[in-house]
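This report is a first look at the structure shown below. It goes through domains, core, helix packing and chain contact in turn.

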Amino acid sequence: MSLVSEGAEFAGEVQRKLASAPREPSLATVGDYFALMKPRVMSLVVFTGFVGLMVAPLHIHPVLGFTALLCIAVGAGAAGALNMWYDADIDAMMRRTSRRPIPQGRIAQGEAFAFGMVLAAFSVAVLGLLVSWAAAALLAFTIFFYVVVYTVWLKRSTPQNIVIGGAAGAFPPMIGWAAATGGLSVEPCLLFLITFFWTPPHFWALSLNHTDEYARAGVPMLPVVAGAAETRRQVLRYSIALVPVGAAPWFLGYADMVYGMTALSAGTLMVVLAQRLRKAPEGRGAQRAAQQLFAFSILYLFVVFAVLLVESGLRGFTGAAR
Amino acid sequence: MRTDVAKGEKPQWIVLTEEQRRARRARSIAIALALGALVILFYIVTLVKGPAVLNRPL
């Protein structure tokens, strides 16, 4: 029996225990429910959604812009809560996630499901009613993609889970753009592609240091299924692909040279770190290289999107045409 | 809170502890604040959009 299927069986056992645990009246605090919304992921989603909203050619009223961002944040929180509802069994078996409210017994799985569904319905309905139905449809699709396609289907069935599932995290700039313009065009698709190609090196760098935990939980992450060496090769390939994709808004004339140079330098630095990870000796060296790449990948996405935001702000301020 | 139980008799319903009651109160307040914020948001957006609030093109 493989390590992954043994882990999956164990995960099933944990799931049965979680479901049959006797329930006392809830002690869950507001903070526990906030934790269900994955606030750290939510902050990145709000930031990229904000950039999509601001770089759009049509200006949106600040109140409507705030409403759109609030709905994107709540929708992301809903997806996070539904993810924690479904993944409670594997969360309980991993050090990184074992302190979440459901494995800790502070919130019941059913409560998390209800919370996530209510937030999802409210965020989509409010975005549609107050801002744009196109943006609302995209938000609904994003939540569906993250919960059903990634969490329920891909995560436990293929090592390509985070490659395809990464699309869910890449949609927010498109939602922001659609909220401002009521439609889509090439630019938000480029922002989507940047986050899409960024996700595999980012997530695999993290999972390389948690391989044993993923195996125990029965999650077929690439390092578990194909080994660390193959994962590092894939990390390098995606990092190389990210360099031209990151600079594409400049190549295609949607951004200025400052953005282009920033994206190219940050992308090159990411490739250097990925190459260092590939060459690192097993053990502490590889662990440190993976941590460095993971930390830098967060900075990469922040810097690239922030420069786009500043450039667009300056253009709006000086009234310069693109 | 129900008080119709004879002294020394174990109540047949769930009696919340002080901690559980505090947690429930905090959750109830959070729900009330969220609903209040939603009402205010709809009110402000109605002011911002004016009559166009009924116009919701795709």
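The sections below describe a predicted model.

## Two domains in chain A

Chain A is divided into domain 1, residues 33–183, and domain 2, residues 185–322. Taken over C-alpha atoms, the centres of these two domains of chain A are separated by 21 Å.

The two domains of chain A touch each other: 26 residues of domain 1 are in contact with 25 residues of domain 2. On the domain 1 side of chain A, four helices each supply at least two of the touching residues: H3 (39–55), H5 (88–93), H8 (161–170) and H9 (172–181). By class, that side of domain 1 of chain A has 16 nonpolar, six polar and four charged residues.

## The largest nonpolar core

In soluble globular proteins, nonpolar side chains tend to be buried together. Here the largest nonpolar core has 108 residues, and the members that touch the most others are A:Leu53, A:Ala81, A:Leu127, A:Ala135 and A:Leu139. Helix H4 (residues 62–86) of chain A gives the largest share of this core, 14 residues. Both domain 1 (33–183) and domain 2 (185–322) of chain A contribute residues, so this core lies between them.

## A helix pair in chain A

Two packed helices are described by the angle between their axes and the distance between the axes. For helix H14 (residues 257–279) and helix H15 (residues 284–318) of chain A, the axes come within 9 Å and cross at roughly 170 degrees. Angles over 145 degrees count as roughly antiparallel, which makes H14(A) roughly antiparallel to H15(A). The contact of H14(A) with H15(A) has 19 nonpolar, three polar and two charged residues.

## Where chain A meets chain B

How many residues does the contact take from chain A and from chain B? There are 14 residues from chain A and 15 residues from chain B. On the side of chain A that touches chain B, H4 and helix H7 (133–154) of chain A each supply at least two residues. The largest share of that side of chain A, three residues, comes from H4(A). By class, the residues of chain A that touch chain B divide into nine nonpolar, five polar and no charged.

Notes. Residues numbered from 1 in each chain as written. Chains lettered and ligands numbered in written order. Predicted model: local features only at pLDDT ≥ 70, side-chain atom pairs only at ≥ 80, totals over all residues. Core = buried A, V, L, I, M, F, W, Y, C linked by C-beta atoms within 7 Å. Buried ≥ 20, exposed ≤ 12 C-beta atoms within 10 Å, placed from the backbone. Domains from an automatic or database assignment. Contact = placed C-beta atoms within 7 Å. Nonpolar A, V, L, I, M, F, W, Y, C, P; charged D, E, K, R; others polar. Axes fitted to C-alpha atoms, helices over the stretch in contact; angles between N-to-C directions. Parallel < 35°, antiparallel > 145°, perpendicular 65-115°, else oblique.
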